[in-house]
Amino acid sequence: MEIHMSETSSQQVIQDSDVLPDDLCDCIHPNAVMQARRAISDAPPADDMAVLFSILGDPSRMRVLVALATGEMCVNDLALATRMNRTTMSHQLRVLRSHRLVKRRRDGKAAYYQLDDDHVSTLLQLAIDHASERPAENRITA
């Protein structure tokens with residue numbers, strides 16, 4: 001099957017002369033289905049992306065990331081800022097670091113953490129913005 005790009009649009013167009021896969025013969029909007037299939041095949045595996053959201057889905061880790069959005073912090077200060085004990089903080093930082101959400105810098109015996117890159121900052125800001133849109137009566141308090 002050939003998929004053509006329209007000159008006036010970046011949307012893919014399936015020509016009448018193109019042969020559709022058998023599972024699309026009863027399709028109502030084949031162009032939309034083929035575009036969605038291409039997006040899915042071009043994206044990283046869904047399992048890999050889902051792991052990221054499961055890591056971000058923990059309220060303690062989100063508090064750590066929000067604290068780190070203000071700047072680099074040592075483990076002790078992060079524990080105090082988030083009201084976690086240092087052992088719990090170290091565990092959360094290990095998880096965040098293993099998934100490339102935070103990075104560590106050592107200075108002597110002290111370890112300092114910061115958000116890994118701009119992608120993490122963007123994800124965090126999008127989560128904050130989206131959660132802030134919810135009416136107050138529908139908010140979940142952690």
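1. The second largest pocket holds about 250 Å³ of space. A pocket here is an open set of points on a 1 Å grid over the protein atoms alone, with protein on both sides within 12 Å along at least five of seven lines, in contrast to a cavity, where a 1.4 Å probe fits but cannot get out. Grid points are joined across faces, edges and corners, and the volume is the space filled by probe spheres set on the points.

2. This is a predicted model, in which local features need pLDDT of at least 70 and side-chain atom pairs count only at pLDDT 80 or more, while totals for chains, interfaces and linings use all residues. Residues are numbered from 1 along each chain as its sequence is written, and side-chain values use heavy atoms, with hydrogens and water left out.

3. The lining of the second largest pocket consists of Asp48, Val51, Leu52, Ser98, His99, Arg100, Leu101, Asp117, His119, Val120 and Leu123; a lining residue has an atom within 4 Å of a point. Helix 2 (46-56) and helix 6 (118-132) are the elements that give two or more residues to this lining. Helices (H or I, at least four residues) and strands (E, at least two) are DSSP runs, numbered from the N terminus.

4. By class, this lining has five nonpolar, three polar and three charged residues. Nonpolar covers Ala, Val, Leu, Ile, Met, Phe, Trp, Tyr, Cys and Pro, charged covers Asp, Glu, Lys and Arg, and the others, Gly among them, are polar.

5. An open sheet of three strands has the order 3-5-4, with antiparallel pairing. Strand 3 and strand 4 are the edge strands, each pairing on one side only. Two strands pair if DSSP finds at least two bridges between them.

6. Strand 4 and strand 5 (residues 110-115) are joined by six bridges. Among the facing residues, arginine 104 is opposite tyrosine 113, and arginine 106 is opposite alanine 111. The two strands make a hairpin with two residues between them, and glycine 108 in the turn has a positive phi of about 70 degrees.

7. Glutamate 72 and arginine 105 form it, at 2.8 Å, N to O. Glutamate 72 is in the loop between helix 3 (59-68) and strand 3 (73-74) and arginine 105 is in strand 4 (residues 102-107), so the pair ties together parts 33 residues apart in sequence.

8. Glutamate 72 is partly exposed at 35% relative accessible area, and arginine 105 is partly exposed at 34%. Buried means under 20%, exposed over 50%, and partly exposed in between (1.4 Å probe, protein chains only).

9. There are zero disulfides, a disulfide being a pair of cysteine sulfur atoms within 2.5 Å. Cysteine 27 is partly exposed at 23%, whereas cysteine 74 is buried at 15%.

Key:
Salt bridge = Lys/Arg side-chain N within 4 Å of Asp/Glu carboxyl O.
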